[in-house]
Amino acid sequence: MWPKTTTMAKLQKSIDKRNALVKATIALVNNNGFHDTAMSKIAKMANVSPATIYLYFENKQDLVNQTYLEVKTTYTDFIFKTYIENTSVKTGFEVIWKRIAEFNSNECEYSFFLNQCNNTPIIDEPSRKDGIKNLQPLIDLWKRGKDEGVIKPISDYILYAYSINPLSTLMMGQKQGHFKLTKEHIEEAFIAAWDSIKL
């Protein structure tokens, strides 16, 4: 029987290895794309043997799917943290939208990775559906907005495309040094987002 401290140390080492693999996957997919991110490169960057990956993940698809779901959970936990359900639709949307903008600014690596996953077919359909479930508070808010006649009665995908997706464009512009997102820009962008979906 291993002493408790030894068992805890082994567990922590295992967690650290898995976290290193996830971190390496995000960095390499962001820099090279999914298809040019080999398992051997992920292992090298994470400082583990290639065989170690298969202790935690079935294959490359499983590794990317699980990484996506972890990042998506971090993202949604952050954006809904200050959201209160019983506020007005506009206020609720503003809180969520500005938290998304803050996440994109502060967590560029995560944000860029999610953007890659959302705009390319690298995530399998079950994982994509699980990721969408995490956005339920926003979808519920939009449903309430439609019921109250505040938001256009159109597909949630269209609402997302017009009001949330433009933040990715702004983030990319900032990442490439073409654009600096100031407080004034955030306010202007929010008004444009709200105007695109309100009735």
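In this predicted model, the side chain of T76 has a polar atom 3.3 Å from the backbone oxygen of T73. T76 sits in helix α4, which covers residues 60–79. Its relative accessibility is 5%, so T76 counts as buried; the cut-off for buried is under 20%. Which residues does T76 contact once its neighbours within four places in sequence are set aside? They are N134 and L135. R99 lies 23 residues from T76 along the chain, and the C-alpha atoms of the two are 9.6 Å apart.

Is T37 buried or exposed? It counts as buried, because its relative accessibility is 1%. The side chain of T37 reaches a backbone oxygen too, that of L28, at 3.3 Å.

Now move along to the loop between α2 and α3 (50–56), where N47 lies. N47 has a relative accessibility of 70%, so it counts as exposed; exposed means over 50%. Its backbone deserves a look. Phi of N47 is positive, near 65°, and the residue is not glycine. Most residues other than glycine have a negative phi.

Next comes helix α10, residues 166–175. Which of its residues are buried? They are L167, S168, M171 and G173. These buried residues pack against two helices, α5 (89–106) and α6 (108–119). After α10 comes G177, with a positive phi near 80°.

Take the α6 partner in detail. The axes of α6 and α10 are 11 Å apart, and the helices pack at an angle of about 125°. That angle makes α6 oblique to α10. The crossing of α6 past α10 is left-handed. From α6, the contact uses E109, S111, F112 and N115. From α10, it uses S168, M171, M172 and K175. S168 and M171 are also on the list of buried residues of α10. By class, this contact of α6 with α10 holds 3 nonpolar, 3 polar and 2 charged residues.

One more helix pair remains. Helix α9 covers residues 156–163, and helix α11 covers residues 183–197. Their axes come within 8 Å and cross at roughly 155°. Why is α9 called roughly antiparallel to α11? The crossing angle makes it so, because angles over 145 degrees count as roughly antiparallel. The crossing of α9 past α11 is right-handed. On the α9 side, L159, Y162 and S163 make the contact. On the α11 side, A193, S196 and I197 do. The contact of α9 with α11 has 4 nonpolar residues, 2 polar ones and no charged ones.

The contact of α6 with α10 includes 2 charged residues, whereas that of α9 with α11 has none. The α6 crossing of α10 is left-handed, whereas the α9 crossing of α11 is right-handed.

Definitions and conventions:
Residues are numbered from 1 along each chain as its sequence is written. Side-chain values use heavy atoms; hydrogens and water are left out. Buried means under 20% relative accessible area, exposed over 50%, partly exposed in between (1.4 Å probe, protein chains only). A polar contact is a pair of N or O atoms within 3.5 Å; within protein, one must be able to donate a hydrogen and the other to accept it, and residues adjacent in sequence count only if both atoms are side-chain atoms. Axes are lines fitted to C-alpha atoms, for helices over the stretch in contact, and angles run from 0 to 180 degrees between N-to-C directions. Helices (H or I, at least four residues) and strands (E, at least two) are DSSP runs, numbered from the N terminus. Angles under 35 degrees count as roughly parallel, over 145 as roughly antiparallel, 65 to 115 as roughly perpendicular and the rest as oblique. A crossing is left-handed if the near helix is turned anticlockwise from the far one by less than a right angle, and right-handed if clockwise. Contact means heavy atoms within 4.5 Å. Ala, Val, Leu, Ile, Met, Phe, Trp, Tyr, Cys and Pro count as nonpolar, Asp, Glu, Lys and Arg as charged, and the others, Gly among them, as polar.
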